[in-house]
Amino acid sequence: SYPNAKARHLVELARMLVSEYGGEVPNDFDALLRLSGVGRKTANVMQAVAFGQSAMPVDTHVYRVSHRLGLVPSTADTPLKVEKALIKHIPADDLARAHHWLLLHGRYVCTSRKPHCDKCELSNICPKKIENSKLQ
Ligand code: SF4
């Protein structure tokens, strides 16, 4: 989506990498955030995936699954609040892997509109599933 805006950001990002970072992608979180088109989620993905650091990128899947499973309080109503709540309880060494677990669970099982609760390995501990079954 938004290919024109993304193309503009990519060109500007490439210029910044060459002019300010010697052609290397910086591994410092604040430096990543300065790059054109890079927000907190992308900077965290870079830290976790490209640089092997402990970070918890919160995308739409991580956000949704964290709430449905009750991993974060209902007051965590922004990606940043979800990120902070998850970081508080998940050991630093497991953060990057946990990000992928939550993301893939949200993409293939706990999907946005119709979660596949009947196939979900977590249905016996999931507050959302328990709440739904009481409604039926
Ligand atoms: S039981 Fe349903 S709502 Fe709960 S995590 Fe699994 S798929 Fe999502």
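## Exercises on an all-helix model

The protein's secondary structure amounts to seven helices and zero strands. Helices (H or I, at least four residues) and strands (E, at least two) are DSSP runs, numbered from the N terminus. This is a predicted model: local features need pLDDT of at least 70, side-chain atom pairs count only at pLDDT 80 or more, and totals for chains, interfaces and linings use all residues. Residues are numbered from 1 along each chain as its sequence is written, and side-chain values use heavy atoms, with hydrogens and water left out.

### Exercise 1: Overall layout

Task: Describe the order of elements, the span and the domains of the protein.

Solution. 
- Step 1. Along the sequence the pattern reads α-α-α-α-α-α-α.
- Step 2. The C-alpha trace spans about 60 × 35 × 25 Å along its principal axes.
- Step 3. Domain 1 covers 1-38 and domain 2 covers 53-135. These bounds come from an automatic or database domain assignment.
- Step 4. Over C-alpha atoms, the centres of domain 1 and domain 2 are 29 Å apart.

### Exercise 2: Burial, surface and charge

Task: What share of the 136 residues counts as buried?

Solution. 
- Step 1. Set the cut-offs: buried means under 20% relative accessible area, exposed over 50%, partly exposed in between (1.4 Å probe, protein chains only).
- Step 2. Of the 136 residues, 33% are buried.
- Step 3. The protein exposes about 9000 Å², and carbon and sulfur atoms supply 56% of that area. Accessible areas come from the Shrake-Rupley method with a 1.4 Å probe; for residues, only the protein chains shown count as cover.
- Step 4. The 19 positive and 13 negative charges have mean positions 10 Å apart. Lys and Arg count as positive, Asp and Glu as negative; His and the chain ends are not counted. Each charge is placed at NZ of Lys, CZ of Arg, CG of Asp or CD of Glu.

### Exercise 3: The nonpolar cores

Task: Which residues of the largest nonpolar core touch the most other members?

Solution. 
- Step 1. Define the core: a set of buried Ala, Val, Leu, Ile, Met, Phe, Trp, Tyr and Cys residues joined through side-chain atoms within 4.5 Å.
- Step 2. The largest core has 17 residues; Met-56, Val-62, Val-72, Val-82, Leu-86, Ile-90 and Leu-102 touch the most other members.
- Step 3. At least two residues of this core come from each of α4 (60-68), α5 (79-89) and α6 (95-108). Helix α6 gives the most, with four residues.
- Step 4. A second, separate core has eight residues, among them Leu-17, Phe-29, Val-38 and Ala-43.
- Step 5. Take contact as heavy atoms within 4.5 Å. Beyond four places in sequence, the residues that Met-56 touches include Asn-44, Val-62, Glu-83, Leu-86 and His-99.

### Exercise 4: Two residues compared

Task: Are Gln-47 and Tyr-2 buried or exposed?

Solution. 
- Step 1. Gln-47 is found in helix α3 (residues 40-50). Gln-47 counts as buried because its relative accessibility is 9%.
- Step 2. Beyond four places in sequence, Gln-47 touches Asn-27, Asp-28, Phe-29, Leu-32, Gly-52, Gln-53 and Ala-55.
- Step 3. Tyr-2 lies in the segment before α1 (3-21). Tyr-2 is exposed because its relative accessible area is 65%.
- Step 4. The phi of Tyr-2 is near 50 degrees, a positive value in a residue other than glycine.

### Exercise 5: Separation in sequence and space

Task: How many Å separate the C-alpha atoms of Ala-96 and Gly-52?

Solution. 
- Step 1. Ala-96 sits in helix α6.
- Step 2. Ala-96 and Gly-52 are 44 residues apart in sequence and 7.9 Å apart, C-alpha to C-alpha.
- Step 3. Leaving aside neighbours within four places, Ala-96 contacts Ala-48, Gln-53 and Ala-55.
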